[in-house]
Amino acid sequence: MTNLKQPLVFLAQSVGLALAVVVLNFLLIQLAPGDPVSVIVGEMGGASEEVIAQMRAAYGLDKSVLEQLLIYVSKVAVGDLGYSYYHNSPVLQLIMQRLPATVLLALSALTLAVVLGTLVGVLSARKPHGLLSSFVTVVSLIGYAAPVFWTGLMLLLLFSAIWPIFPTSGMVQMRAPKGFMYYVDVAHHLVLPAVTLASIYIASYSRLSRTSMIDVLSQDYIRTARAKGLPEGKVVYKHGLRNGLIPVVTMVGLQFGQLFAGATLVETVFNWPGLGRLAFESILRRDYPTILGILLMTSILVMVANALTDLAYRLVDPRIRSKRA
Amino acid sequence: MSTAPLLEVTDLVVEVDNGKRILPVLDGVTFSVDAGRTLGLVGESGCGKSMTALAIMGLLPQGFRVKSGDIKLDGKSLLSMGPDALRKLRGSVMSMVFQEPMTSLNPVFTVGDQIGEALRLHEHLNAADARTRAIEMLRAVQIPAPEERVDNYPHQLSGGMRQRVMIAMALACRPRLLICDEPTTALDVTVQAQIFSLLETLQKEMGTSIILITHDLGAVAEMADDVAVLYAGKRAEAGPVATILDNPSHPYTRGLMSCTPRLRLGSAALTPGHTLAEVRGMVPPLGQFEAGCRFSPRCPMADAHCHAAPPPDVHLGASQTVLCWKVTQEQAA
């Protein structure tokens, strides 16, 4: 009974949240200055009043805001995100073209940040006053404090210009290779953007896991594990890490939203063909349907990520499992 | 007892380096535990009881080290052993139950996992056998429905149950020596009695020697065969429980006894108007010990001599040892 009720409640909450996101974003965009028709007309090189009025009518911009909102919401409800003013193609299709690149970038960066950050954090927690620990603290604070676009540009300068071992931009070469080599090429292009995006988060994960592990390693149950005769590696990586990871998992969930914001900047610096760059370009073009679609899609992604975090949280912490079950 | 003792601690000196100074924690502690017997290690907080236990287990915290003396288990010196050899003894030949059952179990593993872990490590059991043995151990520590409890996490158990789990874990490999560091301090009085009787039952069954660390002389009277009283890192008095409780010779032991209502006072404790005594003052902080007898600032009998020079160990009868000038003077007189 309770097992069935829980996902249903979660689903209802998610739908409500998505609806709120749609309405709020729609109204917010109405507040922004600029008008899509005048942008299009400007790019066309001007048009008569008559043509402009015709275009407004065609896009439904002559209706009242409330009417427009109702139309939009009812369309979104059946999975129709509308038509891009600029690209002249369905928004959903545009998003789906760009989504994989962003997800690839975001997940690679996140994985890199979590794995590297946690590893470094745990190592420095074992000797909190050692050299490695101070080194980690300084380097991670620099990574955290430096703006992403600056880090990106510096990496480009170092590894694409001075020592050109990585490509400067894009996701594949002009003449993309076929088969397995295609994936190698994408991976090659992925290195710098992913490292750049990860640089912000490595700091938080290494600091967090360091603090968390120092705390965990001073707990009574760690002494119990040692009293049992377990070798030190097992004490730290089995009894310690399982507990030390709990705040890390929380942080992953909280950072998903920020990750997409960071991805927008990185995609712009590295010309990565993802959702973030599409969003950036669409804002400049006043392409409302595309902006709204992207915002909705990222909101849904964040919700899915939070649900997954919740699930992961239960896996690592049995106390939560039984409390909510 | 003609056989050699299971555990012999001789002149143990432990110090701590706090970064600025090196401070003595234990200063010449000597005692032994015979096979199958129970030693009560008594004293107030800060007297070095727990540090003695951790030194035996080889689990002294960072900064603490054994400076001199020896710890022999079954005739073999634990101090000259390599860390790996010592680790293999922990949990198999000697094990420990800690004071805080609420925090001493790992919250993310089931109790079955935690009990079975020692068995898989030391006796190389597979997962299924370790689980079966874990259930047997849970039954041995009288936890109801052990087949279900084995899959519980610590937060699903009460404090008393958790301490039973700790005991099950410590005894899983049938160790020869079990150190219980204030095993009942965090528990209800009714649960305390249950835990003590459980320990006694298991001791009879397995022939394990027990070191019971406590500040409760009542518990010592019930449980222990021998007792060693520690004060400020020194052994104040030691001997068989019956002798010490009948004839406490160190003023500190006498002080502790007068603080224990159910002991020696008999019905007087229950008489209205009877006030419970206290030992005035506090255990001095590390490194701030008196030049003479360390107890002299709190001792009702102390004179100039006590303040000036540290007392020698005096033997009273066959088995009692006391660290006190007054006893020395009485003997000389």
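Which residues does Ile56(B) touch, not counting residues up to four places away in sequence? They are Leu7(B), Val9(B), Phe31(B), Ile71(B), Leu78(B), Met94(B), Leu177(B), Ile179(B) and Ile211(B). Contact here means heavy atoms within 4.5 Å.

Before I go on, the conventions. This is a predicted model, in which local features need pLDDT of at least 70 and side-chain atom pairs count only at pLDDT 80 or more, while totals for chains, interfaces and linings use all residues. Residues are numbered from 1 along each chain as its sequence is written, chains are lettered from A and ligands numbered from 1 in the order in which they are written, and side-chain values use heavy atoms, with hydrogens and water left out.

Back to Ile56(B). Together with Leu7(B), Phe31(B) and Ile211(B), Ile56(B) is among the residues with the most contacts inside the largest nonpolar core, which has 98 residues. By nonpolar core I mean a set of buried Ala, Val, Leu, Ile, Met, Phe, Trp, Tyr and Cys residues joined through side-chain atoms within 4.5 Å. Buried is under 20% relative accessible area, exposed is over 50%, and partly exposed is in between, with a 1.4 Å probe and protein chains only. The element that gives the most to this core is helix H6 of chain B, residues 159–171, with eight residues. Helices (H or I, at least four residues) and strands (E, at least two) are DSSP runs, numbered from the N terminus. The core lies between domain 1 (7–93 + 175–332) and domain 2 (107–174) of chain B, because both give residues to it. Another core, of 30 residues, lies apart from this one and includes Ala113(A), Val148(A), Leu156(A) and Ile200(A).

Next, the domains, whose bounds come from an automatic or database domain assignment. In chain B, the centres of domain 1 and domain 2, taken over C-alpha atoms, are separated by 30 Å. Their contact takes 19 residues from domain 1 of chain B and 14 residues from domain 2 of chain B. Chain A is assigned domain 1 (2–77) and domain 2 (92–324). There, 32 Å separate the two centres, again over C-alpha atoms, and the contact takes 18 residues from domain 1 of chain A and 14 residues from domain 2 of chain A.

Staying with chain A, UniProt, in an unreviewed entry, places the feature "domain: ABC transmembrane type-1" at residues 99–309. UniProt positions are in the numbering used here, feature names are shortened, and annotations may be inferred rather than shown by experiment. In the model, residues 99–309 of chain A are 83% helix and 0% strand, with the end C-alpha atoms 21 Å apart. The unreviewed UniProt entry also lists "transmembrane region" spans in chain A, including 99–123 and 244–270. Residues 99–123 of chain A are 100% helix and 0% strand, with end C-alpha atoms 36 Å apart.

Now one helix of chain B. Is H10 (residues 251–258) of chain B largely enclosed or open? Six of its eight residues are buried, so H10 of chain B is largely enclosed by the rest of the structure. The buried ones are Pro251(B), Tyr252(B), Thr253(B), Gly255(B), Leu256(B) and Met257(B). Their cover includes strand E3 (38–42), helix H8 (217–223), strand E9 (226–231), strand E10 (234–240) and helix H9 (241–246) of chain B.

On cysteines, a search of the whole structure finds zero disulfides over all chains, a disulfide being a pair of cysteine sulfur atoms within 2.5 Å. For Cys180(B), the nearest cysteine sulfur is that of Cys173(B), 16 Å away. Cys180(B) is buried, at a relative accessible area of 0%. Cys306(B) is in no disulfide either, and the sulfur of Cys293(B) is 6.1 Å away. Cys306(B) also counts as buried, at 5% relative accessibility.

Two backbone entries. Asp74(B) is not a glycine, yet has a positive phi of about 55°. Asp74(B) sits in the loop between strand E4 (64–73) and strand E5 (76–77) of chain B, and counts as partly exposed at 44% relative accessibility. Arg174(B) also has a positive phi, near 50°, and is in the loop between H6 and strand E7 (177–181) of chain B.

Last, confidence. Chain B averages a pLDDT of 87, and 94% of the residues score at least 70; pLDDT is the predictor's confidence in each residue, from 0 to 100. Over residues 264–269 of chain B, pLDDT stays under 50, and the model has nine contacts beyond four places in sequence for them.
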